Amino acid sequence: MTLDHTRLFPNLRRVVVAGLLIALVAGMFLPIYSDEIGWRLQERAWLDGLDKLYSENCGPNTLAVPPFFMWPVRWYSAFFNTRFPDPLFVRVSGVGYAIVFIIMVLRLVKQIGRSSDERHSLAIIASALMGLGVMPLLLVWSRPEQPIFLAATAAVLIASAGWRSPGNLFAPFNGIAYTNATASPGTAWRRSLTILALALIAMSYHFKAVLVVPAFAACIIFASRGRRALFARGVAIVLLLLATGSAAKYWINRVECPADPVIAKMHARNNLAGQLDIGAIGKTQLVLKVLQNYKLSAYIDKAAPSVSPRSMWLPVGMVSDDEMSGWRGGMTIIWATALLAAIISFVGGVRNMWREKVIPPEPVIALMLLGAVSIWCVSQYDRNPYESSFVLPLLMLAIILAMASPHRWEGLRRWTSTLALAIGPLMLLSIVLVSGLYGPRLIDDAQRRDWLPSHPWSVPVFGYHASYKDIMGAARQCNLPMPREARHLLLDDVTYFAYMQSRMPDHELAVLPPHFRGSINDPVAYLAAQNSDGILMRCKRLPPFLQNIAHRSGNYCCVTPADWSKLPPGATVFQDNPPPAKP
């Protein structure tokens with residue numbers, strides 16, 4: 001019995017893609033995680049003239065003026081965030097960009113697939129990998145990982161536009177359909193500079209993008225063919241390398257913390273380079289540590305339902321230990337099978353490349369993307385869920401590019417089709433199961449305001465207008481300046497939206513106990529040293545001694561310098577200094 005590919009795979013593709021898109025739209029109910037707001041607070045150069053961390057206790061090197069090429073992104077962020085200062089916009093933005101990502105991936109598959117069957121199979125595999133477990137919810141997080149994988153996907157999409165031409169075969173890969181057309185100088189400049197711009201955008205958001213630079217460079221090289229394109233490609237790559245050096249220096253300086261040894265040690269513990277720098281591991285141990293730390297499965301685990309999700313970004317206790325292990329094991333097998341098929345396809349492409357003395361683009365760019373996620377993987381000790389939203393989308397791109405390598409192993413193509421046929425329905429089942437696990441609780445959370453018992457480090461998506469009235473009511477009781485005139489306010493994840501346009505705000509996580517305050521044992525003294533206009537937060541987030549003197553409006557509290565100056569000496573000092581750690 002043979003399968004009717006003319007119907008089965010197109011229909012499965014439609015259902016799988018539709019299921020993933022529905023899961024992404026359902027991400028609208030996911031509360032806004034603290035880090036999604038925190039990154040907006042840390043990249044405010046267009047508002048403040050420089051970027052900073054959650055607070056200023058790390059010293060002047062973290063109060064950094066970004067390189068000139070990062071300013072357009074800072075303007076973009078400031079423009080939209082200040083015009084739509086509402087948690088709802090954060091989630092709309094995240095969901096919208098996630099959908100754009102999937103659309104670009106499907107377009108890419110259409111361009112790199114060599115046959116109808118291959119295009120259907122690659123689309124199913126790509127969508128299925130992004131739909132397993134809680135990955136659709138991670139994709140909608142509005143964090144720096146989003147623009148990085150969006151920019152990388154767009155770069156590959158632009159580059160691949162020059163790889164195919166219907167009925168035009170590129171010898172010696174006869175039958176594999178590479179175009180032999182050369183690019184005009186105008187086309188070469190347009191493609192090269194656009195990919196360069198995408199790389200600059202990615203590097204403007206996070207250091208992780210520096211690791212993807214080889215993939216961007218490969219895209220520039222393979223986007224245009226012919227001698228007339230050499231100059232445009234050369235100029236773009238030189239500019240890319242110059243920008244990469246500037247970006248790497250900027251981001252490395254940002255995460256150093258010379259003025260606060262507690263925070264510096266915390267940063268060092270999180271990665272291999274930091275461990276080496278503080279002497280926690282020796283140079284002789286480095287190779288062994290790298291091999292031990294190369295665990296791509298750790299990111300798959302973070303994308304599976306968990307007994308206790310990090311910082312309770314999802315409700316705790318929705319699965320048992322055995323169920324969590326089952327999810328992780330099943331997802332790892334699926335990813336490993338897809339990766340194995342990609343590796344075999346890659347080998348086939350390289351074999352053809354060696355025999356024909358021609359370098360095909362797909363396996364090269366796939367290798368660059370795998371290298372980026374591999375370097376990040378071996379460098380990290382503390383793996384957060386949001387790291388999965390950086391590693392797994394890029395790993396998926398590497399897989400589908402490798403599967404599109406120019407091999408002639410028809411048995412492998414049939415295996416790829418069988419893999420698509422197997423994991424497509426499994427992904428749909430995953431979406432149904434995850435919806436059953438978290439859907440009712442997330443729908444319930446969507447009806448709450450101000451405080452979410454199941455998500456203490458997240459804020460509600462809907463109903464911010466009611467909170468805004470109370471926030472401004474508390475601000476009026478304290479006679480706080482209007483947002484544009486306020487300086488160095490201590491804010492939390494909700495009040496930040498109301499006072500987003502204030503000057504150099506600090507985040508409560510880095511000033512108040514018990515989390516990331518580092519050497520700050522007296523938050524009031526720290527704020528006084530900054531000439532702060534006061535504190536504006538949810539009352540629940542304030543320590544008791546500040547709650548007792550706070551002005552209240554609904555669930556929000558305000559404390560001014562005049563209030564804290566009345567406290568007896570030593571009343572605001574915390575004697576303990578626990579190691580900072582988010583629960």
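**Stop one: H10 and H17**

H10 and H17 cross in a left-handed way. Keep in mind as you look that this is a predicted model. To find the pair, select residues 213–223 for helix H10 and residues 361–379 for helix H17; their axes come within 8 Å and cross at roughly 165°. With angles over 145 degrees counted as roughly antiparallel, H10 and H17 are therefore roughly antiparallel to each other.

Now show side chains. On the H10 side, pick Pro-214, Ala-215, Ala-218, Cys-219 and Phe-222; on the H17 side, pick Pro-361, Val-364, Ile-365, Met-368 and Leu-369. Colour this contact by class and you get 10 nonpolar residues, with no polar and no charged ones.

**Stop two: H5 and H8**

Next, select residues 87–112, which is helix H5, and residues 145–160, which is helix H8. At what angle do their axes cross? It's roughly 25°, and the axes come within 9 Å. That makes H5 roughly parallel to H8. The crossing here is left-handed.

Sorted by class, the contact of H5 with H8 has 13 nonpolar residues, six polar and one charged.

**Stop three: H5 again, now with H18**

Is their crossing left-handed or right-handed? The crossing of H5 and H18 is right-handed.

Select Phe-101, Val-105, Leu-108, Val-109 and Ile-112 on H5, then Pro-393, Met-396, Leu-397, Ile-400 and Leu-401 on H18, and you'll see where they meet. The class count for this contact is 10 nonpolar, no polar and no charged residues.

**Last stop: a pocket**

Finish at the second largest pocket, which holds about 560 Å³ of space. Which residues lie nearest its centre? Select Tyr-76, Ser-77, Tyr-97, Pro-147 and Tyr-205; the whole lining has 24 residues. Helix H2 (34–42), helix H4 (71–83), H5, H8 and helix H9 (185–205) each supply at least two residues of the lining. By class, the lining divides into 16 nonpolar, five polar and three charged residues.

Notes: Residues numbered from 1 in each chain as written. Predicted model: local features only at pLDDT ≥ 70, side-chain atom pairs only at ≥ 80, totals over all residues. Heavy atoms only, no water. Axes fitted to C-alpha atoms, helices over the stretch in contact; angles between N-to-C directions. Helix = DSSP H or I, 4+ residues; strand = E, 2+ residues; numbered from the N terminus. Parallel < 35°, antiparallel > 145°, perpendicular 65-115°, else oblique. Left-handed = near helix turned anticlockwise from the far one by under 90°. Nonpolar A, V, L, I, M, F, W, Y, C, P; charged D, E, K, R; others polar. 1 Å grid on protein atoms, 1.4 Å probe; cavity = no way out; pocket = protein on both sides within 12 Å on 5 of 7 lines; lining within 4 Å. Points joined across faces, edges and corners; volume = space filled by probe spheres on them. Contact = heavy atoms within 4.5 Å.
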